[in-house]
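Open the model in your viewer and keep the sequence panel beside it.

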Amino acid sequence: MHLNDLEGPILVAPSPTPFNGNQQVNLDAIKSNASKWLETELSGFVLGTENGEEQLLSIEERLSIVESVSEVAKNKKLIIGGVDNPSIKNTLLESEALVSAGVDILRIRIPRRRDTIDKYFDEILPKIPAPALIIHQMAPGGFANSMTLEGASPEQIGRFCSHDNVEGYISSHLVRFEMMARKFVPQQKHFWLPNAMLMVAQIVEGANGGCFMFGNIAPQVCRKIMSLALENKIDEAKKLNDQIVQADWDILGQGAAGLKYAMDILGFSGGSPRSPLRELNEDEKNKIKKSLTNANIFKVN
């Protein structure tokens, strides 16, 4: 499946990774979740991400997740595979493996070391086996902190995104920085916002789609908010957006554990995060229950 096959605004979501009781990846639960998301307005899946506990998964596990989602969703929803590897050689090997497993597009994170960025993209972009989306997220989850919140410069990002093998860009929450990046990313390329709370704000500044956690939970309302904002119905879009801000804040504030618990509440398989990530306590769970209720979210639709 190609991005051009999809109706806008495109909304993809980083999928959580359910585990069974002995901490093994639960592929049956992954297939079940994917089958349920096929019935929603979610445009596609992003596999191998912060919300999917990417840094706690082996490459073999990540490939098995892609294969499982591909088994039920190939050619029905967009399948995006996450790559976060500073090595040129290993990025290419990992990309080939992900495409063989079933991904349509590669989501490639900007390397943390600024002095390697130009060489990295100059070498991988002509060689990767599928189109790419470049993501600006320098310190996902705090697992692998970088020395800076900003990766490449806006000018560099624009140059990378101008490559024929790049479909677009997934911005960060640094709105001031991304306002400048938008000036350099070609207008015909996708420019996706990274968080549900920023839907209206970043669409006003030039975003035209989204890749964020809350898309797993409320894809219909999120796409409606983005559509309204893109139609310049800003007041109406903001009113809807305001209704989900607290839920997004409470769930995302707990990382993968918060997302998984929300998915459990809404009838999907979330479960516990992989050790050593901690589970939620009862107060945290009750807070998420309350925020979902207040946002009128009782099922994924």
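Begin with Pro9, which sits in the segment before strand S1 (10-14). Helices (H or I, at least four residues) and strands (E, at least two) are DSSP runs, numbered from the N terminus. This is a predicted model, in which local features need pLDDT of at least 70, side-chain atom pairs count only at pLDDT 80 or more, and totals for chains, interfaces and linings use all residues. Residues are numbered from 1 along each chain as its sequence is written, and side-chain values use heavy atoms, with hydrogens and water left out.

Pro276 belongs to the loop between helix H10 (255-265) and helix H11 (282-294).

Now go to Asn75, in the loop between H2 and strand S3 (78-83). Phi of Asn75 is positive, near 70°, and the residue is not glycine. Then select Asn232, in the loop between helix H8 (219-230) and helix H9 (234-252). Asn232 has a positive phi too, of about 65°. Why stop at such bonds and angles? Most residues other than glycine have a negative phi, and most peptide bonds are trans.

Buried means under 20% relative accessible area, exposed over 50%, and partly exposed in between (1.4 Å probe, protein chains only). Asn75 is exposed because its relative accessible area is 56%. Asn232 counts as exposed because its relative accessibility is 62%.

Is Asn51 buried or exposed? Select Asn51 in the loop between strand S2 (44-47) and helix H2 (59-73). With a relative accessible area of 9%, Asn51 is buried. Leaving aside neighbours within four places in sequence, its contacts (heavy atoms within 4.5 Å) include Pro14, Met213 and Leu252.

The last stop is Thr40, in the loop between helix H1 (27-37) and S2. Thr40 counts as buried because its relative accessibility is 11%. Apart from neighbours within four places in sequence, Thr40 is in contact with Lys77, Pro219, Val300 and Asn301. Show Trp37 as well: its backbone oxygen lies 2.8 Å from a polar atom of the Thr40 side chain. Finally, pick the C-alpha atoms of Thr40 and Glu279, which are 239 residues apart along the chain and separated by 28 Å.

Notes:
Polar contact = N/O pair within 3.5 Å; in protein donor to acceptor, adjacent residues only side chain to side chain.
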